[in-house]
Amino acid sequence: MPAITTSSSSITTQLPRLSPPPPPPSSITHAPQNLHHSFKPVFRRHLLVLASLSISPLLIPAATARGLFQMPPVRLTNRYYLVRAGESEFESLGIINTNPVAKTSVDSGLSEKGKKQTVKAALELKAMGACDKGCWIWPSITQRAYQAAEIIAAINGISRSFIVPEYSFLDARGLGAYEGKNLEALSEVYESDTVSPRNKPPPIDDGTPNESVADVFVRVTQLMSILETQYSGETIIIVSPDSDNLSILQAGLVGLDLRRHRDLSFGPGEVRFVDTNSIPTYKQPASAVYKCLNPPVCN
């Protein structure tokens, strides 16, 4: 037992000195005298680096990035159906309504005629076997488009969990100062589109955007980039509240001059399958084919 000495200010315990354990047979016998000074602290990041170095590169699969989506696409990894929602309440009154503030309003929902058009579209999708092996339905959150998605899902036996609401890329094309005008005024917009895809409708200060064909093209290209990245080998039904989203998207897919997107216009409740055979064969740009053997002299 160790001796214990007591003072008025402290209690001191004398412990016996313990001999260090003998080194294991595989250890280094000639260790430095100040052993604790010979080690440096090991941080977690060092261990991660060491662990990564110990993994054979042959065990790491190569990444297969799909790259930036482009129009026309090199390929499509999914099957697509394009659907325009049936007639809306505003359309039944002959009024242009594209302000996104009102897109979830009941007044932006399907008219009675629009509901019948959408049922017909859903039955057409069923006849085409669109959802025989399952499908995803991507509607705009615009009231009429989401209502159309629910009808399509119900008739095709698809759970509502497979309806994925899209919050901005499928908004109806904003027509600026044409907001609230008669539908017949759309002819002026489309006439302007044939001059340049960058022509915008006149602006307005009520919050309605004034979008050119080029603006919508950016939106639908972003949508396709998400879909082609998120899914592979799936069937996707895109439900738009208007025609322009779909006609501009299809023009981009088939390589049609965007000024002619109106040639591909969709009627209320129309369904169209994106046939990959209609997509032109991708041609590499000259910069990817031409080789300069003696830069900067490339004659």
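Is D257 buried, partly exposed or exposed? In this predicted model, D257 is partly exposed, its relative accessible area being 32%. The side chain of D257 meets that of R259 in a salt bridge, with an N to O distance of 2.6 Å. R259 is likewise described as partly exposed, at a relative accessible area of 36%.

**Salt bridges**

The structure holds 11 salt bridges. Three of them are set out below.

| Salt bridge | N to O distance |
|---|---|
| K200 and D215 | 2.5 Å |
| R259 and D257 | 2.6 Å |
| R272 and E270 | 2.7 Å |

K200 belongs to the loop between α5 (186-193) and α6 (213-230), while D215 lies in helix α6, so this pair ties together parts that are 15 residues apart in sequence. K200 is partly exposed, with a relative accessible area of 45%, and D215 also counts as partly exposed, at 26% relative accessibility.

In the pair of R272 and E270, R272 counts as buried at 17% relative accessibility, whereas E270 is partly exposed with a relative accessible area of 26%.

**Packing of helices α3 and α4**

Helix α3 (residues 112-127) and helix α4 (residues 143-155) have axes that come within 9 Å and cross at roughly 40°; the two helices are therefore oblique to each other. The crossing of α3 past α4 is right-handed. On α3, the contact is made by K115, T118, V119, A122, L123, L125 and K126, and on α4 by A148, I151, I152 and I155.

Methods: Residues numbered from 1 in each chain as written. Predicted model: local features only at pLDDT ≥ 70, side-chain atom pairs only at ≥ 80, totals over all residues. Heavy atoms only, no water. Axes fitted to C-alpha atoms, helices over the stretch in contact; angles between N-to-C directions. Helix = DSSP H or I, 4+ residues; strand = E, 2+ residues; numbered from the N terminus. Parallel < 35°, antiparallel > 145°, perpendicular 65-115°, else oblique. Left-handed = near helix turned anticlockwise from the far one by under 90°. Contact = heavy atoms within 4.5 Å. Salt bridge = Lys/Arg side-chain N within 4 Å of Asp/Glu carboxyl O. Buried < 20%, exposed > 50% of the residue type's maximum accessible area, 1.4 Å probe, protein only.
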